[in-house]
Amino acid sequence: NDVVLDFNGVSVYHCELYLRPSADPSQVGKQLLCIRDSSKNGTGVRAGPHAVAGQGADPNSPWEPLKRDVLRVLEHGWQLMVPLRSRKESLQLPEAWRTLTVYVGSKPAGLPGAEELDGEAWE
C-alpha cells in the first residue's frame with residue numbers, strides 16, 4: 001500500500017491506481033492514470049475545482065460511484081472519495097477528510113506556492 005487511509009470503512013486494498021498505455025492510436029506513448037475499486041464501501045470520482053475546463057468542475061457536483069473491479073480513467077484535477085459510503089452507527093466522517101485530488105503531470109501548475117515545495121525550488 002502506497003497511500004494508507006486509517007478511516008472506518010476503508011478496506012485494506014480499497015482501490016488501486018494504475019498507469020496504463022492509451023489505446024488511442026493518436027496518443028502513442030501516452031500513459032493514462034486509471035483507478036479500480038475493490039471495496040465494499042465504494043469509491044467515488046468527480047471533476048474537481050482544478051479539472052480541465054469543460055469537465056463540469058463544480059465543487060458541488062455529485063460523486064460518480066465506481067463500478068467494482070472496473071478500470072476508470074482519471075483526468076488532471078479529478079477527485080476521489082474514499083470511502084464513498086462512510087457511516088459507523090451515527091458517525092459520518094467529514095467529506096473533506098475522505099477527498100483526494102489527483103494532479104497528473106510532472107509539476108503542479110497554478111497552485112499557490114508551487115515555486116517551492118518542502119523547501120526545494122522547482123527546476
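Reader: Which residues lie nearest the centre of the largest pocket?
Author: Val3, Val4, Leu5, His14 and Cys15 do, out of 21 lining residues. A pocket here is an open set of points on a 1 Å grid over the protein atoms alone, where a 1.4 Å probe fits, with protein on both sides within 12 Å along at least five of seven lines; lining residues have an atom within 4 Å of a point. Keep in mind that this is a predicted model: local features need pLDDT of at least 70, side-chain atom pairs count only at pLDDT 80 or more, and totals for chains, interfaces and linings use all residues. Residues are numbered from 1 along each chain as its sequence is written, and side-chain values use heavy atoms, with hydrogens and water left out.

Reader: What volume does that pocket have?
Author: About 530 Å³, taken as the space filled by probe spheres set on the points, which are joined across faces, edges and corners.

Reader: And which elements give two or more residues to its lining?
Author: β1 (15–21) and β9. The largest share, three residues, comes from β1. Strands are DSSP runs of E, at least two residues, numbered from the N terminus.

Reader: OK, switching to the sheet. What's the strand order?
Author: β4-β3-β6-β9, an open sheet with antiparallel pairing. β4 (64–65) and β9 (99–101) are the edge strands with a single partner each, so one side of each has no neighbour in the sheet. Two strands count as paired if DSSP finds at least two bridges between them.

Reader: How many bridges for each pair, then?
Author: Two join β3 to β4, with Gly44 partnered by Pro65. β6 (residues 78–81) and β9 have three, including Gln79 with Thr101.

Reader: Which way do the β3 residues point?
Author: Gly44 and Arg46 go one way, Val45 and Ala47 the other. All of them are buried, meaning under 20% relative accessible area with a 1.4 Å probe, protein chains only.

Methods:
Helix = DSSP H or I, 4+ residues; strand = E, 2+ residues; numbered from the N terminus. Buried < 20%, exposed > 50% of the residue type's maximum accessible area, 1.4 Å probe, protein only.
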